[in-house]
Structure formats: structure tokens, C-alpha cells
Amino acid sequence: MKLGLGRGPLKTNTVLQYDANFQKVESWGFPALAQRYSRRRNNNSRPVELFKLHLINMSEDQTPALPEGLNYKKAITDYLCELGELIKSTIDTRWPQIEFFKNVLIILTVPVEFSEKKKGIMKQCAYNAGLIKTVSSSNLKLITEPEAAAIYCMRSLKEFFRTEVGTSFLIVDIGGGTVDLTIRKLLSEFCRSAKIPFTGEKKDFKTFELDLEELCPVLKNYVDDTAKKYLEELEWVIEIEFDDVKGMFDPVIGRIIRLIRGQLDACKNCTAMFLVAVVKSRVLRYTYGIRSLPDWQPGDPVNRRTPDGKIYRFHTLIQRGKKVEVNEEVSDILRVAYADQVDMCMDIYVTRAYEAKYCDEPGVELLGKFTINMPDKHKGLDRLVVYTLSFGETEIRATARNQANGNEYHTIFELNFE
């Protein structure tokens, strides 16, 4: 979108202007920059910029300084909150029938350097800012800034852009604090539909169609009369089956295996081989568990007995050495420890040992915690929670669902591969 009167393109600056105590945002975006700074006033009157750079791995001397009393997470949350309020008010005005948390997909761009942990921080900030109902909401997507720029250029500059398969292009993204150079290459329909999603398992494969006339019209010049007649009967649309794709992969895999064997024969002292590829499953390096509070039993250590006859234990959810698929879930059902408790603390622990009894044993570490509300005290001990761990590609999602009212609580932990 462009403004009139020759003022150039519309841009919302990532800038905040706070009050003197950094509690309330007075202005944001361009208005925060437009406010003239006075040297007679204290430094707190300066606009706050470049706070997003604190999520990039930079040395302390390179990280932009923030005013005392303000941390970068609050600044990011405050900025997203202001942005969200504008989005919500615009939607309410133009499309009053739209339910924001149900019908709106939020797409945030992040620098390409962001690790999964830093992306998790952005998700938490978006949740704190009221953009999504839960941290793990599917209504929030993160994509890198170069990817967003590439999509924009492809759609908006068609008259200058070649859209043939294989076309490479350079994105130069000059931001307020970083410059990103990224080369992108257009993938073919075959790559999107067959090559990339192919797992080698027939049950995972879905037959799809290729329109050769649309995707590769030049092919007509290189087929013989018999094939041409056959394809014309099919209107140049062919179906790709599982065996067709497998037949393309098998010779390549065979050559890879022969190359590996040749290298191993040439290097007799090779002690390990690392295969770098897309993760479909993994063997867990940790045992995951939660802190439970069952009744103390005879034979349990006396010094661990609580004054009310309980004992804190490490309750195993899944053991080290187990193979899990990407996004596989493990669950267990937990019960409140006391009839009158109104909340439940979900502490998750990890250990490299195959089993543990207590959460303070050597090697047992706290991974994270969150608390869920447990109302309906009148039900006493008859209140259950389904606790689930979902193992993603780079993170673990923990979900606790109150079986009585269906309320869910989520949090995300970084998956440690060390």
C-alpha cells in the first residue's frame, strides 16, 4: 500500500515510546519516532528501538542497549499488543461477524537467524500480547523475513519476474538493524507433490496428477508419435503412483549406498557415520517424567515423608531409549493429591538415566513447569488431568487437560539433542 502526495510506501517502524516508568506505551510505530527528543529531559524520553535484535545471537557489546528497567521480552510483547489492538479494531469495524481467535490467522516474520528456542519466545510474547488464545495455537505461523519478501516479490512484481521452474533469485532484505541476503529457487510441482513428502511407505503416499501440458509444454517436442497419441488421449494429464516415485528413488539410493561402501572400504579405521536428513523419528536421549505426590508407603525413606503423609516422586512418562515418531504423543492420567486443592503444578523433569525415583536425584533436572486451575472442590479427589507430551521436530509440547471441564493448558520446551 502507498500513501499519496509523494510520501512513499507505508511502513510501520518497530519503535515504542514509553512513559517515564516504562509501564505504559504512549505511542508506537512512526509516531514514536516523530516525537522530538529533548536533551533537557531525561533519557527515558528516547524511543525504544531494535529490541528484536536481542533474540539474535550477538555478543553483549553488539546487542542494542535498552533503558534500565525494560527487558526485550516486555518490549516485544508491548509492540505486538499495540499491533494486535489495531488489527482487532480494524476487523471489528470492517468484518464484525469475524471471531478473531477462531477465524484469523496471524503470520509473523522473524529473522532467518532465529533458533527454535527464540521462535518459542516470540510465540510466548504473541500469547502475552493477546494475539492468540494459547501458546501452541495453530492460528499463529512464523516464517522467515526472506521467505516473506520472496512471496511478496513473486506475487507483486510478476511483470519483472520469471516464474519458470528452476528460476533462482536473490532477496536483499535491508532492515533497520540487519541485512539479509538469501537465494531462493522455484521448486517444480513434482517436488512439492512427490519428492519432498515421499517417505518410502506406501500407506503414506497419495496418488496425484501432473498436467504436462501446463507444467512442461516443451515435452511435446521430445516424445515419439506413439507416446504423443497416448498422452493426447489423456489430455496430457498423468497420474503418479507410489511405484513410479519409488522407481525414481531406488537407483539414486543404490548409488549412494555404493558410494558409502566405497568410502568405508578406503577408510578402514572409520568409527562412526552420520546421516544428515529430515527427521521422521528419533531415539530419546532422556527419560521424561513429572513430579507426583502420592501417599507415603512403608518402606519409603522416612526423611522424605511430608508432614501430611505424602512423598514427592519422579513419575516416568517415557524412558530414554524409546523410539518416537515426529509429533508422537505420550499421555498419562493424574489425580489431585488433596481434596481441597484449587490448582495443580505440572513440573516436568528429565534425566539421562533410564529410571529415577525422586526429582532431586543427581542428574535429574527441571525442564519446565506450569500450573493449571482445578476448580470444583466439591468433587474432592475425583478430579483427573490428562497430561500429554508431544515430541515435535525441535520442541516438546506439554498439554494438561482438565477432564471435568475440558480446559487445556499448554507450554513448549526446546528439544535437546545433545
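Visitor: What joins the side chains of Arg313 and Asp300?
Guide: A salt bridge, that is, a side-chain nitrogen of Lys or Arg within 4 Å of a carboxyl oxygen of Asp or Glu. For Arg313 and Asp300 the N to O distance is 2.4 Å. The pair links distant parts of the chain, 13 residues apart. Arg313 lies in strand E12 (residues 313-318), and Asp300 is in the loop between E11 and E12. Strands (E, at least two residues) and helices (H or I, at least four) are DSSP runs, numbered from the N terminus.

Visitor: What should I know about the model before reading on?
Guide: It is predicted: local features need pLDDT of at least 70, side-chain atom pairs count only at pLDDT 80 or more, and totals for chains, interfaces and linings use all residues. Residues are numbered from 1 along each chain as its sequence is written, and side-chain values use heavy atoms, without hydrogens or water.

Visitor: How many salt bridges does a search of the whole structure find?
Guide: The search finds 6. One of them joins Asp347 and Arg291, at 3.5 Å from N to O. That pair also links distant parts of the chain: Asp347 sits in strand E15 (residues 343-351), Arg291 in strand E11 (residues 287-292), and 56 residues separate them. Asp347 is buried, at 3%. Arg291 is partly exposed, at 33%.

Visitor: How far apart in helix H2 are Asp78 and Lys74?
Guide: They are 4 residues apart, so about one helical turn separates them. Their side chains meet in a salt bridge of 3.0 Å, N to O. Asp78 counts as buried, with 15% relative accessibility. Lys74 is partly exposed, with 23%.

Visitor: On to sheets. What is the strand order in the open sheet of 3 strands?
Guide: First, the rule: two strands pair if DSSP finds at least two bridges between them. Here the order is E2-E1-E3, with antiparallel pairing. E2 and E3 are the edge strands, since each pairs on one side only. E1 (residues 15-18) pairs with E2 (residues 25-28) over 3 bridges. E1 and E3 (residues 48-49) pair over 2 bridges.

Visitor: Which residue is the bridge partner of Leu16 in E2?
Guide: Trp28. In E3, Leu16 has Val48 as its bridge partner. Gln17 is bridged to Ser27 of E2.

Visitor: Which residues of E1 lie on each side?
Guide: Val15 and Gln17 are on one side, Leu16 and Tyr18 on the other. All of them are buried, and both faces of E1 are covered.

Visitor: Which residue in the hairpin of E1 and E2 takes a positive phi?
Guide: Phe22, with phi near 60 degrees. The hairpin has 6 residues between the strands.

Visitor: Where is Leu50 found?
Guide: In the loop between E3 and helix H2 (72-94). Leu50 is partly exposed, with 37% relative accessibility. From Leu50 to Thr63 is 13 residues in sequence and 9.0 Å in space, C-alpha to C-alpha.

Visitor: Now the surface. Which residues make the nonpolar surface patch?
Guide: Patches take residues with over 30% relative accessible area and no salt bridge; like charges are joined within 9 Å, nonpolar side chains (Val, Leu, Ile, Met, Phe, Trp, Tyr) within 5 Å. Areas come from the Shrake-Rupley method with a 1.4 Å probe; for residues, only the protein chains shown count as cover. The nonpolar patch comprises Val252, Ile253, Ile256, Ile257, Ile260, Leu264 and Met273, and has an area of about 570 Å². Ile256 belongs to helix H9 (residues 242-266). Ile256 is partly exposed, at 41%.

Visitor: Which residues form the negative surface patch?
Guide: Asp and Glu count as negative, Lys and Arg as positive; His and the chain ends are not counted. A charge is placed at NZ of Lys, CZ of Arg, CG of Asp or CD of Glu. The negative patch consists of Glu209, Glu239, Glu241, Asp243 and Asp244. Glu239 lies in strand E9 (residues 237-240). Glu239 is partly exposed, at 48%.

Conventions: Buried < 20%, exposed > 50% of the residue type's maximum accessible area, 1.4 Å probe, protein only.
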